[in-house]
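User: Please take a close look at one part for me: the strands and how they pair. Then place that part in the whole chain. Keep it brisk.

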Amino acid sequence: MLNAARNFLLDAAPAACVPMGNGHINRTCLLTDEAGNKYTMQKINDSIFKDVPALMENIRLVTEYLRACDPDPRHSLQLVHTKDGKCFHHDETGYYRVYRFVDESVCLERAETQEEFFLSAQAFGSFQNQLAGFDAAVLSETIPRFHDTANRVNNLKIAAANDKMGRLKEVQAEYEFALAREEEAGVMLKLLKEGKLKLRVTHNDTKLNNVLLDERTGRALCVIDLDTVMPGLCAYDFGDAIRYGASTAAEDERDLSRVNLSLSLYRAYAEGYLSEVGNVLTGEELRSLPVGAKMMTLETGVRFLTDYLDGDVYFKVACPDHNLVRARTQLKLLQDMDAHWDEMVSVIGELDSRKKGGA
Ligand code: ADP
Ligand code: GN1
Ligand code: MG
């Protein structure tokens, strides 16, 4: 990484590169230069992102747009260019990019308070609100059919038919549980095709650890991890944030009795998110939000299970059954969402009528 760093226009020569973050896809480092300036440097996973130049062009356009909406340097990511004027470096070892480090920021794996989760929801809501004026047609689809949940279920069936690692026998119960949802998995794209939902510019990977908060005030600063910013549905962003952040346990908790939906965190997120985009979303979109939470949970469970059957080729793993453990938490969370479905729907309805009532 340090070698590749020499190609970027840093303020001084690169000095050190230390791994950071808990992302499942890219390799991220904290880069420092000899003058003590900090940067985030990433090696982009080009077996997952097949067209890195197109992905980087998306990020360049989106970050420049966000910067024009709000010039505060801590409120949007800022790319550092290479010495030959490009926004990424490519050599025989791979693709690299560098951002200016957002100083005095923290990134949370879990929300300790409802307030923290509320603030992260405002950050994602305001991100989407700012991008409402951005022309989605100029963005490339960095991973085709990324949130096509039905296609994800289909990929699971293919992985099970191949059963490359001979693991299917261990996961029969999880596999059957996921397959029983096959029909339901098509619901979001069906609504889109029927013209009931709107294609917007969405983030598509709204995990809590993809937003930076101010270390001192706790306020949300900046949305990061922009690899999957592309046309999508608001329910994807709302749903993915809920499946990760409103769970009472970590994504890889082994004790499933600890994995449940926290309705208070769900409500806090809905309040924060709708305080920023409530006025932009249509009635159909509002009603799709709880559906999005279930579908993103199902989809992520299905993706982890598929990767387990495929031999852990997509998500980084720290132990041999990591993907299976992750898949189980998602499927358990989905069951708990089913159990609290009426409440999930009524929270959104209540917030919507409160807004209409002007309260
Ligand atoms: P991944 O694809 O690995 O999830 P992210 O872009 O989310 O990569 O970055 C990983 C971690 O690096 C984040 O969770 C955050 O802690 C830190 N990080 C990323 N960009 C910045 C930045 N510009 N300033 C400060 N910290 C950052
Ligand atoms: C990956 O890169 P990271 O860790 O923020 C994945 C998301 C999954 C998530 C599950 C490009 O996100 O789609 O929801 O893991 N990103 C990609 O934790 O596949
Ligand atoms: Mg990330």
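Analyst: Two strands count as paired if DSSP finds at least two bridges between them. Strands themselves are DSSP runs of E with at least two residues, while helices are runs of H or I with at least four; both are numbered from the N terminus. Strands of a sheet pair through backbone hydrogen bonds, either parallel or antiparallel.

Some ground rules come next. This is a predicted model, where local features need pLDDT of at least 70, side-chain atom pairs count only at pLDDT 80 or more, and totals for chains, interfaces and linings use all residues. Residues are numbered from 1 along each chain as its sequence is written, chains are lettered from A and ligands numbered from 1 in the order in which they are written, and side-chain values use heavy atoms, with hydrogens and water left out.

Take the open sheet to begin with. Three strands make it up, in the order β7-β9-β10, and their pairing is antiparallel. The edges are β7 (105–106) and β10 (220–223); each has a single partner strand, so one side of each is left without a neighbour in the sheet.

Now the join between β9 and β10. Strand β9 covers residues 211–214, and three bridges hold the antiparallel pair β9 and β10. L213 is opposite A220 of β10. L212 has C222 of β10 as its bridge partner. The two strands form a hairpin with five residues between them. In that turn, G218 has a positive phi of about 80°.

E104 sits in the loop between β6 and β7. Its phi is positive, near 50°, in a residue other than glycine. E104 is partly exposed at a relative accessible area of 40%. Here buried means under 20% relative accessible area, exposed means over 50%, and partly exposed is in between (1.4 Å probe, protein chains only). D225 sits in the loop between β10 and β11 (230–232). D225 is not a glycine, yet its phi is positive at about 60°. With 26% relative accessibility, D225 also counts as partly exposed.

Next, β3 and its partners. Strand β3 runs over residues 38–44, and five of its seven residues are buried, which leaves the strand mostly covered. One partner is β2 (residues 27–33), antiparallel to β3 and joined to it by six bridges. Another is β6 (residues 94–100), which pairs with β3 in the antiparallel sense, again over six bridges. Look at Q42 in β3. T28 stands opposite Q42, and Q42 stands opposite R97 in β6.

β2 and β3 make a hairpin with four residues between the strands. G36 there takes a positive phi near 90°. N37 belongs to the loop between these strands. N37 is partly exposed, with a relative accessible area of 27%. Leaving aside neighbours within four places in sequence, N37 is in contact with D11, L31 and T32; contact means heavy atoms within 4.5 Å. N37 and L331 lie 294 residues apart in sequence, and 43 Å separates them C-alpha to C-alpha.

A4 lies in helix α1 (residues 2–5). A4 is buried at a relative accessible area of 6%. Not counting residues up to four places away in sequence, A4 touches M41, H89 and Y96. From A4 to F177 is 45 Å, C-alpha to C-alpha, across 173 residues of sequence.

Now the whole chain. The protein chain has 11 helices and 11 strands. Its radius of gyration is 20 Å, close to the 21 Å that the globule rule gives for 359 residues, so the chain is as compact as a globular protein of that length. That radius is taken over C-alpha atoms, and the rule is 2.2 Å times the number of residues to the power 0.38. Along its principal axes the C-alpha trace spans about 60 × 55 × 40 Å.

Of the 359 residues, 51% are buried. Among contacts with a separation of 6 or more, 72% come from residues 24 or more positions apart. The chain's accessible surface is about 15,600 Å², and 50% of it belongs to carbon and sulfur atoms. Such areas come from the Shrake-Rupley method with a 1.4 Å probe; for residues, only the protein chains shown count as cover.
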